[in-house]
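Q: Could you walk me through this structure, starting with the ground rules and then going through a few helices, rings and strands?

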Amino acid sequence: MARRKGRVKDKWREKRWVTVNAPDSFNNVPIAYVPITDDENAAGRVLEVTLYDILKGDPSQHQYKIYFQINKVDGDKASTIFKRFEYSKEFLRSLVRRGSSKINFIIDVKTKDGYIFRIKVIALTHRQLNTSRKHALRLIARDVINKQVPDMTIEQFVQATCYSKINSDIMAAFKKVIRVRHVGLEKVKLIRTAEKETVLLEA
C-alpha cells in the first residue's frame with residue numbers, strides 16, 4: 001500500500017502581521033507592515049526606507065537611506081531603533097565632478113545618553129586643494145562634530161543627522177576658510193547602544 005502523505009505545513013498561516021514604527025526621533029510614524037513568526041525572532045530585523053518615505057516632503061529626500069532595527073514587538077506593533085543613515089549610491093555618483101577635491105574622514109562620537117556612532121563625512125570643493133588645505137578642513141569638521149554631538153541625546157542627534165543640521169554647521173565653519181560645493185554625512189552608523197555590553201552586529 002502507498003503511504004499516505006502528511007499534510008504540508010503552511011508556514012505563512014503561522015505568521016502574523018505587525019506595523020513597524022519609526023523611533024521617537026521620527027514621531028513613531030509607521031514605516032512598514034511585515035509578517036513575523038514570533039516576537040523573539042522579529043527582534044534584530046533591519047528595515048530600509050528613505051527619508052522621503054518618512055517625511056513625504058521633497059522628492060530629493062529619496063537620496064537618503066535610513067535603516068531601522070526592530071527592538072521590541074508588542075501585540076500588532078513593533079518599535080525600532082535608528083541603525084544607519086547613508087547616501088544612496090546614485091546620489092554619491094552625482095556629486096563627483098572633475099577638477100574638484102573630495103575630502104573624507106571617519107570619526108566615532110558618543111551622544112549624551114551613551115550611544116556611540118561612526119560618522120563618515122564627505123566634502124567636495126569647487127577646485128583642487130593641496131594636502132594641507134584638506135587637512136585643515138578635516139580638523140574644522142571634526143571640531144564641529146566633537147563640540148555638538150556629546151551634548152545631544154540620540155533623538156537630537158538622529159534629527160540633526162537626517163535633517164542636515166550638522167551638515168549646515170560644518171558648511172558654515174568651512175565658509176570662514178574656503179567655499180565648498182557640498183558637505184554632508186555620507187554614512188552614520190550606530191556601533192554601540194547605551195547598554196555597554198550590547199554591541200550591534202555590523203550590517
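Predicted model: local features only at pLDDT ≥ 70, side-chain atom pairs only at ≥ 80, totals over all residues.

Q: Let's begin with H5; what span should helix H5 have, and what is the distance between its end C-alpha atoms?
A: Helix H5 covers residues 131–148, and at 1.5 Å a residue its 18 residues should span 26 Å, which agrees with end C-alpha atoms that are 26 Å apart. The expected span is taken as 1.5 Å times one less than the number of residues, and helices (H or I, at least four residues) and strands (E, at least two) are DSSP runs numbered from the N terminus.

Q: Which residues of H5 are buried?
A: The buried residues are Leu137, Ile140, Ala141, Val144, Ile145 and Gln148, where buried means under 20% relative accessible area, exposed over 50% and partly exposed in between, with a 1.4 Å probe and protein chains only. Seen down the axis of H5, these buried residues fall within an arc of 130°, so they line one face of the helix; the arc is that of the directions from the helix axis to the C-beta atoms.

Q: Why do residues three or four places apart point the same way in an α-helix?
A: An α-helix has 3.6 residues a turn, so residues at that spacing point the same way.

Q: And which exposed residues sit on the face of H5 turned away from the buried side?
A: That face carries Thr131, Ser132 and Lys147. On the buried side, the covering elements include strand S6 (102–110), strand S7 (116–125), helix H7 (165–175) and strand S8 (180–192), with contact meaning heavy atoms within 4.5 Å.

Q: Turning to H7, which of its residues are buried?
A: In H7 the buried residues are Ile166, Asn167, Ile170, Ala173 and Phe174. They cover an arc of only 130° around the axis, which puts them on the same side of H7, and what covers them includes strand S5 (77–87), S7, H5, H6 and S8.

Q: What does Ile166 touch, leaving out residues up to four places away in sequence?
A: Ile166, which is buried with a relative accessible area of 1%, touches Ile145, Gln148, Val149, Phe157, Ala160, Thr161 and Leu185. The C-alpha atoms of Ile166 and Val149 are separated by 9.1 Å, and the two residues are 17 residues apart along the chain.

Q: New topic: how many aromatic pairs does a search of the whole structure find?
A: The search finds nine, counting rings of Phe, Tyr and Trp (its six-membered ring) whose centres lie within 6.5 Å, with planes under 30 degrees apart called stacked, over 60 edge-to-face and the rest tilted. One of them joins Tyr64 and Phe91, whose ring centres are 5.8 Å apart with planes at 80°, so the pair is edge-to-face. Tyr64 lies in strand S4 (residues 64–74) and Phe91 in helix H4 (residues 89–95), so this pair ties together parts that are 27 residues apart in sequence.

Q: Are those two buried or exposed?
A: Tyr64 is buried, with a relative accessible area of 14%, and Phe91 is buried as well, at 12%. Tyr64, Phe85, Tyr87 and Phe91 form one aromatic cluster.

Q: What about Phe117 and Phe157, how are their rings arranged?
A: Their centres are 4.5 Å apart and their planes are at 40°, so the pair is tilted. It links distant parts of the chain, with Phe117 in strand S7 and Phe157 in helix H6 (residues 154–162), 40 residues apart, and both residues are buried.

Q: Last one, on the strands: which way do S1 and S2 run, parallel or antiparallel?
A: S1 and S2 run antiparallel and are joined by six bridges, with Tyr33 in S2 as the bridge partner of Thr19; two strands pair if DSSP finds at least two bridges between them. S1 and S5, in turn, run parallel and are joined by two bridges, and Val20 has Ala78 in S5 as its bridge partner.

Technical notes:
Residues numbered from 1 in each chain as written. Heavy atoms only, no water.
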